[in-house]
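Q: I want to learn how to read a protein model. Please take me through it step by step.

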Amino acid sequence: MADPLSADEARRIALRAQGLLGAPDRRGGVPAMLQRLGMVQLDTISVLARSHELVAYARLGPVGRRAVEAGYWSRPVSAFEYWAHAACILPADQWPWFAFRRRRLRARGRRWHAVQPQVRDEVLARLHADGPLTTGDLGGAKASAEWWDWSHAKVAIEWLLDIGDVACVERRGFRRVYDLPERVLSRELLDHDPSDDECLAALVGIAGRALGVATAADLAEYHRLTQAQVRGAVDAAGLVEVEVQGWAARAWADPVALADPPRGRHRTTLLSPFDSLIFDRARTQRLFGFTHRLEAYVPKAKRVHGYFVMPLLAGGQLVGRVDPKRDGTTLVARQVSVDGPAAVAPLAAALREAAQWVGCDHVVIERVEPAATASALRAALLD
């Protein structure tokens, strides 16, 4: 019989699994945080900072941004970039577990664009001869001004990344640096060639530990697997079935998390919309009763909460939203919403800390919903 969990217990287990319940654990820094989460999603949007920086900030506190970046792309190599939930930074020891995806992509024989064999071979020859390269070194990423119109070299290098003939263990100015796997990863990792079933069991286990408690849909979304793949792997992954109050679907949990009830202080912070706590919108609604939507790609006139909406985490709940931007040394909260008076003080604290972290010395509040909380929020920022 499945173990019962209350909705509150499930939420607290999830928060602790994501490193957001208890005092910030800075031991091991960014590499340890990455190992705990299993992945950190990358995105090109930079408002306060890049999303992968915001994820580290939310868990480790206001550590230096250069230290965060160095923690991801450290030497010796501790991480690589590949396709998990999306383009993600992953711990280096996960390289073998994506063999199933590399094999599938190789069998498909193409990306969205057709790969020209001659260009592919030329790119590989350049890497062998010249060492690590960016797309700029290969002549540029675009064939025209259209965002989708990649150059033949860009198509080739991304295909080689897909199938594991090339690896990315560094970004420079947010540009991928491509290299040969044998130059940047250990022989032990490269020689490990697990079966598809072994890969799926490992990845479902990683997702289960990072989420704490999850449905098959939650586990599938973490690495973009199918629910059938997840259900076939949960036993081998070492997860145990639980029954969560109010959840319609079956769920599984990390047995270590179940054996040690979560306790400690909740983190108060703004979250990147690509944070792994909330990037699964259905799970976010189920855990927190909070509807979260990234509106960056929504026409401006149709946005409800703003361009880059960052939910406010406080007291273990999502209790507000901020659409921020930086204007010199001022953090501008273009649009703010709070879920009641109790959220005002945590939001002010989160804005002050975020401003200091990105080098701003002033916070300006523009639109506030509900409007009646605007004066209280502005006053709290001065405390």
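A: Start with the nonpolar core: a set of buried Ala, Val, Leu, Ile, Met, Phe, Trp, Tyr and Cys residues joined through side-chain atoms within 4.5 Å. Buried means under 20% relative accessible area, exposed over 50%, partly exposed in between (1.4 Å probe, protein chains only). Here the largest nonpolar core has 72 residues. Y72, V204 and L219 have the most contacts inside it. A second, separate core has 38 residues, among them M310, L347, L351 and V358.

Q: What should I know about the model and its numbering?
A: This is a predicted model: local features need pLDDT of at least 70, side-chain atom pairs count only at pLDDT 80 or more, and totals for chains, interfaces and linings use all residues. Residues are numbered from 1 along each chain as its sequence is written, and side-chain values use heavy atoms, with hydrogens and water left out.

Q: Which residues is Y72 in contact with, leaving aside its neighbours within four places in sequence?
A: Contact means heavy atoms within 4.5 Å. Y72 touches V30, M33, L34, V40, H52, A56, S78, A79 and I89.

Q: How many aromatic pairs does a search of the whole structure find?
A: Rings of Phe, Tyr and Trp (its six-membered ring) pair if their centres lie within 6.5 Å; planes under 30 degrees apart count as stacked, over 60 as edge-to-face and the rest as tilted. The search finds 6 pairs. Take Y82 and F98: their ring centres are 5.7 Å apart and their planes stand at 70°, so this pair is edge-to-face. Both Y82 and F98 are buried. Ring pairs also link F80, Y82, W95 and F98 into a cluster.

Q: Why is the pair of Y222 and F279 tilted?
A: Its planes are at 50°, with ring centres 5.7 Å apart, so the pair counts as tilted. Y222 is buried, at a relative accessible area of 1%. F279 is buried too, at 9%.

Q: Where does the charged end of R171 sit?
A: A charge sits over a ring if NZ of Lys or CZ of Arg is within 6 Å of the ring centre and within 35 degrees of the ring normal. The charged end of R171 sits over the ring of F174, 4.3 Å from its centre. R65 does this with W357, at 5.8 Å.
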